[in-house]
Amino acid sequence: MSEPPAIVLVTADLFFGSKLQGTAVQCGIPLRMVSSIEACDPGLECRTVIVDLELPGFDPADFVERLAAPGRRIVGYGSHVRTALFEAARAAGFDELLSRGGLSTNLTERLAAWGS
């Protein structure tokens, strides 16, 4: 049986997702990428869930209710101009919110922290 991923990335953006996945591989951090909220099993084992806040039909409160677990970090990212979406995610209980550019900055260090 394979080791559960340390990080689950939820994004339909294969270009950006591949960048994150490639960096995780270089760091030796197990990361699984899924393309939809429905693909996230509430019983999944991981330390961190990173989600693209701009997924079609995304509901931050539903996402947190579905995937929050003791010791699990929930991180969201999206366009810095989507302030209402960031506010909704903050109110829903996301642990960390970043712009897409902010996520890319110091990505290696971020993934290492989130994966441990």
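1. Buried, as used in this note, means under 20% relative accessible area, exposed means over 50%, and partly exposed lies in between (1.4 Å probe, protein chains only). At 11% relative accessibility, leucine 98 therefore counts as buried. This residue lies in strand E5; helices (H or I, at least four residues) and strands (E, at least two) are DSSP runs, numbered from the N terminus.

2. The model is predicted: local features need pLDDT of at least 70 and side-chain atom pairs count only at pLDDT 80 or more, whereas totals for chains, interfaces and linings use all residues. Residues are numbered from 1 along each chain as its sequence is written, and side-chain values use heavy atoms, with hydrogens and water left out.

3. Leucine 98 has contacts (heavy atoms within 4.5 Å) with Val75, Gly76, Tyr77, Gly78, Phe86, Leu103, Arg110 and Trp114, leaving aside neighbours within four places in sequence. From aspartate 52, leucine 98 is separated by 46 residues in sequence and by 9.9 Å in space, C-alpha to C-alpha.

4. The largest nonpolar core comprises 21 residues. Such a core is a set of buried Ala, Val, Leu, Ile, Met, Phe, Trp, Tyr and Cys residues joined through side-chain atoms within 4.5 Å. Val10, Ile37, Val51, Leu53, Phe58, Phe63 and Phe94 have the most contacts inside this core. Two or more residues each are contributed by strand E1 (7-10), strand E3 (48-52), helix H2 (60-67) and helix H3 (83-92). A second, separate core has 16 residues, including Leu31, Tyr77, Leu98 and Leu103.

5. Phenylalanine 63 deserves a separate entry. Not counting residues up to four places away in sequence, phenylalanine 63 touches Val10, Ile37, Val49, Val51, Phe58, Ala68, Ile74 and Phe94.

6. In H2, the buried residues are Pro60, Phe63, Val64 and Leu67. They lie on the same side of H2 because they cover an arc of only 95° around the axis, the arc being that of the directions from the helix axis to the C-beta atoms. An α-helix has 3.6 residues a turn, so residues three or four places apart point the same way. E1, E3, E4 and H3 are the elements against which the buried residues of H2 pack.

7. The axes of H2 and H3 come within 8 Å and cross at roughly 30°. Axes are lines fitted to C-alpha atoms, for helices over the stretch in contact, and angles run from 0 to 180 degrees between N-to-C directions. Pro60, Ala61 and Val64 of H2 make the contact with Leu85, Ala88, Ala89 and Ala92 of H3.

8. Helix H5 (residues 107-115) has Leu107, Leu111, Trp114 and Gly115 buried. These residues are on the same side of H5, since their arc around the axis is only 95°. Their cover includes E1, helix H1 (14-27), E3, strand E4 (73-78), strand E5 (96-99) and helix H4 (100-104).

9. The axes of H1 and H5 come within 10 Å and cross at roughly 70°. The two helices are therefore roughly perpendicular to each other, a term that covers angles of 65 to 115 degrees. Lys19, Leu20, Thr23, Ala24 and Cys27 of H1 meet Leu107, Thr108 and Leu111 of H5 in this contact.

10. Asparagine 106 is found in the loop between H4 and H5. Although not a glycine, asparagine 106 has a positive phi of about 55°. Most residues other than glycine have a negative phi. At 48% relative accessibility, asparagine 106 counts as partly exposed.

Definitions and conventions: Parallel < 35°, antiparallel > 145°, perpendicular 65-115°, else oblique.
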